[in-house]
Amino acid sequence: MKTAMMGFALAVFAAADASAATGLQAQVTQADGWVAWQVPMIADAGAPCCFTWRRGAPAENGCDLDARDWSFGTDSRHPLHDSTLAVYAHVADGRIDRLRAVASACPVESKDAIRRLDAVAPAQSVALLADWLASADKKHDDDSALAALAYHEDASATRALATRAEPKHDEEVREQALFWLGQTRGAEGADIVEHYATTDADPDLREKAVFALSQSKAGDPYARILAISRSDRTAHVRSQALFWMAQMEDARAQADITAALTTETSDDAREQAVFALSQLRQGQAEDALIAVVRGNYPRDAKKQALFWLGESGSPRAIKALDEVLAAGSPAR
């Protein structure tokens, strides 16, 4: 009975979404050119805009809707502190052929006037984007539309992204949906990503889901990835989990990754664990590698640690290598 009721509820949601999309579609496509509307933007995901980079730092911001290459992002060093998302749709011959979305405070320009819509319901906007992504007759890059969907505050955006993460879709579609679920959709998004990271039949998809989980700011994604590094049935997935643990700048990473050198059964995964240690923050990486060289670890792990110490080239690393050479092989 519960299953039947759930199916009925999903059917009702789908019908409501289709109706909402149709209503907004008519407003958007009534004239060719750029048309824009605003909706509340999800919190804690940054404020997307286009940045000009000078000497490694964002210097200016602003987006050109007509540019051939569309590139946007967020940067904590240049925050816009915005809570509203501006969605831009380009209409040609009565059809939407491009979609863009940035924070409303992000300056946007176009050679032609931009038509503005008032009082667009967030659920309508989500439904339109989801419908456009699902349409079979379009020819475009889905990335911008997926990003636009992800930055909507409305809860229906999480459902729309989760639908695109389902196994019925191509792997690339699923990977992008999982990325945005982890990047922007909070605890609910992280739960969905973890589900696929731990249960999907495709190890390549699980690997991509681990990366998506590492991007989440909700709860304790590090602990979830640590569990995957110890339990996944594929060595390559465990290896990637160790790598992303090192990238998360978590204080637990050095000890947890080092511990994998004695518990991991795969030679390749142990090699990746040493590489992960080399990717820790400067200073911490050297401490970890030197500890491996001097500790009671497998011979192959010690050899890899020596290699990455040599690649470091820092005074501490060179000193450690000199000590090893003076004492003899660390693997004896």
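Which cysteine forms a disulfide with Cys-50? The legends below give the answer.

**Figure 1. Overview of the predicted model.** This is a predicted model: local features need pLDDT of at least 70, side-chain atom pairs count only at pLDDT 80 or more, and totals for chains, interfaces and linings use all residues. Residues are numbered from 1 along each chain as its sequence is written, and side-chain values use heavy atoms, with hydrogens and water left out. The protein has 14 helices and eight strands. Helices (H or I, at least four residues) and strands (E, at least two) are DSSP runs, numbered from the N terminus. Of its 332 residues, 45% count as buried. Buried means under 20% relative accessible area, exposed over 50%, and partly exposed in between (1.4 Å probe, protein chains only). Take the contacts between residues at least 6 apart in sequence: 63% of them join residues at least 24 apart. A contact means heavy atoms within 4.5 Å.

**Figure 2. The disulfide of Cys-50 and Cys-63.** Cys-50 pairs with Cys-63, and their sulfur atoms are 2.1 Å apart. A disulfide is a pair of cysteine sulfur atoms within 2.5 Å. The torsion about this S-S bond is about 105°, so the disulfide is right-handed. Cys-50 sits in the loop between S1 and S2, while Cys-63 belongs to strand S4 (residues 63–64). The two are 13 residues apart. Both Cys-50 and Cys-63 are buried.

**Figure 3. The disulfide of Cys-49 and Cys-106.** The count of disulfides comes to two. Here the sulfur atoms of Cys-49 and Cys-106 are 2.1 Å apart. This link is right-handed, with 70° about the S-S bond. Cys-49 lies in the loop between S1 and strand S2 (51–54), and Cys-106 in the loop between strand S6 (95–103) and strand S7 (108–109), so the pair ties together parts that are 57 residues apart in sequence. Cys-49 and Cys-106 are both buried. With bonded cysteines counted along the chain, the disulfide pattern is 1-4, 2-3.

**Figure 4. The surroundings of Thr-29.** Thr-29 lies in the loop between helix H1 (2–28) and strand S1 (33–40). Its relative accessibility is 17%, so Thr-29 counts as buried. A polar atom of the Thr-29 side chain lies 2.7 Å from the backbone oxygen of Gln-25. Leaving aside neighbours within four places in sequence, Thr-29 is in contact with Val-91, Gly-94 and Ile-96.

**Figure 5. The largest nonpolar core.** A nonpolar core is a set of buried Ala, Val, Leu, Ile, Met, Phe, Trp, Tyr and Cys residues joined through side-chain atoms within 4.5 Å. The largest one holds 84 residues, and Val-28, Trp-37, Leu-178 and Ile-257 touch the most other members. Helix H9 (residues 235–247) gives the most to this core, with seven residues. Apart from it lies another core, of 13 residues, including Cys-63 and Tyr-88. Beyond its neighbours within four places in sequence, Ile-257 is in contact with Leu-242, Met-245, Ala-246, Ala-273, Ala-276 and Leu-277.

Figure 6. In H8 (residues 221–231), the buried residues are Pro-221, Tyr-222, Ile-225, Leu-226, Ile-228 and Ser-229. Seen down the helix axis, they fall within an arc of 160°, so they line one face of H8. The arc is that of the directions from the helix axis to the C-beta atoms. The face turned away from this buried side carries the exposed residues Arg-230 and Ser-231. The buried residues of H8 pack against helix H6 (186–199), helix H7 (203–214), H9 and helix H10 (253–263).

Conventions. Polar contact = N/O pair within 3.5 Å; in protein donor to acceptor, adjacent residues only side chain to side chain.
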